[in-house]
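Open the model in your viewer and keep the selection tool ready. The stops below go from a helix pair to a set of charged side chains.

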Amino acid sequence: MSFSSRNHRLLAEEEKSTNAAKARSRAMELLAGQELSSGQLYERLNRRYNEQTSAAVVAEMVEREYINDARYAETRAHGLLAAKKSRRAAAQNLRQKGLAANEIQQALDAVYTPDASGEDPELEAAAALVEGHYRKKLEMGRRDLVVAALQRRGFGYATIKEAIQRVESEEREY
């Protein structure tokens with residue numbers, strides 16, 4: 001069952017359209033607005049079109065390379081790192097987008113692997129969070145709250161400890 005866009009009621013499977021041309025047109029509209037994973041496109045098409053039509057249109061979009069899940073995963077992972085998300089939180093977000101485990105792993109390896117200078121992107125994200133959001137709590141001596149907040153965000157304890165030490169050592173330098 002899914003929602004009809006006009007009257008917002010769920011459509012039964014027998015009420016869904018089988019018109020592949022309309023489904024293809026709808027897919028192009030959706031992809032023009034934003035990049036989607038194949039799973040996301042399938043779910044959105046499934047609201048109006050039956051499963052076979054939706055699957056056929058998604059397969060066609062993949063074949064024409066309008067959809068590339070590996071590219072989408074890596075682009076999304078870069079965005080999540082820029083938003084200071086941990087590797088674990090990024091993996092969860094990518095799983096929710098319907099991506100395959102190997103695509104997620106490859107994207108995270110490409111984005112969250114330390115670069116040539118040896119800097120760990122996840123550590124940099126954690127340090128930026130400590131520096132910005134949690135600096136006052138750290139100055140008040142509430143290190144436990146900072147650790148707990150970063151753990152809820154998916155950072156590992158070793159990364160958290162190093163990020164806090166980095167910020168505290170910068171404070172001592174001033």
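**Helix pair and salt bridges**

Start with H1 and H3: H1 passes H3 in a right-handed crossing (the near helix is turned clockwise from the far one by less than a right angle). This is a predicted model, in which local features need pLDDT of at least 70 and side-chain atom pairs pLDDT 80 or more, while totals for chains, interfaces and linings use all residues. Residues are numbered from 1 along each chain as its sequence is written, and side-chain values use heavy atoms, without hydrogens and water.

Select residues 20-33 for H1 and 51-63 for H3; the two pack at about 55°, with axes 10 Å apart. Helices here are DSSP runs (H or I) of at least four residues, numbered from the N terminus. Axes are lines fitted to C-alpha atoms over the stretch in contact, and angles run from 0 to 180 degrees between N-to-C directions.

Next, show the side chains of Arg26 and Glu29, which form a salt bridge at 3.2 Å, N to O (a Lys or Arg side-chain nitrogen within 4 Å of an Asp or Glu carboxyl oxygen). Both are in H1, 3 residues apart, and so are separated by about one helical turn.

Move to Glu168 and Arg143, where another salt bridge spans 3.3 Å, N to O. Glu168 belongs to H10 (residues 157-173) and Arg143 to H9 (residues 143-152), 25 residues apart. Glu168 is buried at 18% relative accessibility, whereas Arg143 is partly exposed at 31%. Buried means under 20% relative accessible area, exposed over 50%, and partly exposed in between, with a 1.4 Å probe and protein chains only.
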